[in-house]
Amino acid sequence: MQPSVSYRELGDILTKLGAKLEPRQVHALYLGALTSTNLRLGPQQLLEHLFADNPVLGASTEEANAALQVLFGYWNTLVTAHHERAIHLAPEDLPMPATRGDLIAYSERRQDDIVWFTRGIDAGGDDPIEFGAEGQKLLERIAEGSGYLALVAEQLGRQELAAPQDELQKTRASLREIVATLERCIGDLMAVSDRVRRAAVATFEENAGRATDDGARITSVTKVGRNDPCPCGSGKKWKKCHGGPAAPRGSGPVM
């Protein structure tokens, strides 16, 4: 079985590869993809989001395969979290006491997390109607929470004078509460998606290899050679896409 990977390991490999996304954004993107009702969606379909500006996964095939081990392993980490009903956005410090700048940055980053979560769902091509009435309501609540985060950041940015510390701490508590609510909504939406997928699997004999409750758990990362098809699904050879220094920098794979 492909081992799980820690958040720190994910961050280390993204930095090494020069990925365009931060670890928290990849975390949110993966959560969104796991929430999609698309039975075929997995981490291999998300590589373009991570490396559109620099499609090279390593200086050699060995390095590229090692990178895939980490990127796909982190998917397993979130699959396990979903099994254990322990879904959270990526770890994010908010100092105590917090300054106005701390609160603005936190609000903006958490709003950006929701943007990437939504992009993960969109990667599966989902229509909101596919989640049913309950799922659509949860999507609305997630959008409202994101809007609230944007409003807080805007209001804090307009303040010309330093706010009293007690007001800042009330805002801090409010932000932590709305993030906790967003995480509960995400977990509930994933449960709704699970039911939708189970219904689809009951209808079709083949489920494209995806588990019925939360998406495919990667049991192994296929080793690829330079002339093999790239696992991102572009249709190109590995050496012409994500497979090493031969890949054209700046162009990104064609998906």
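Here is a short tour of this predicted model, stop by stop.

**Colour by confidence.** Start with the whole chain coloured by pLDDT. The mean is 82, and 75% of the residues reach 70 or more. Now select residues 23-35, which form helix H2: confidence is highest there, at a mean of 96. Then move to residues 47-51, helix H3, where confidence is lowest, at a mean of 83.

**A stretch to treat with care.** Select residues 245-255 next. Here pLDDT stays under 50, and the model has 33 contacts beyond four places in sequence for this stretch. Where pLDDT is low, the predicted coordinates should not be read in detail.

**Along helix H4.** Jump to residues 61-83, and you have helix H4 with its 23 residues. From the first C-alpha to the last, H4 reaches 33 Å, close to the 33 Å expected at 1.5 Å a residue.

**Past the end of H4.** Which residue with a positive phi follows H4? Select Arg-85: its phi is near 55°, although Arg-85 is not a glycine. You will find Arg-85 in the loop between H4 and H5. Is its side of the story buried or exposed? Arg-85 is exposed, with a relative accessible area of 76%.

**A cis peptide bond.** The peptide bond from Met-96 to Pro-97 is cis, and its omega is near 0°. Pro-97 also lies between H4 and helix H5.

Conventions:
Residues are numbered from 1 along each chain as its sequence is written. This is a predicted model: local features need pLDDT of at least 70, side-chain atom pairs count only at pLDDT 80 or more; totals for chains, interfaces and linings use all residues. Side-chain values use heavy atoms; hydrogens and water are left out. pLDDT is the predictor's confidence in each residue, from 0 to 100. Helices (H or I, at least four residues) and strands (E, at least two) are DSSP runs, numbered from the N terminus. Contact means heavy atoms within 4.5 Å. The expected span of a helix is 1.5 Å times one less than its number of residues. Buried means under 20% relative accessible area, exposed over 50%, partly exposed in between (1.4 Å probe, protein chains only).
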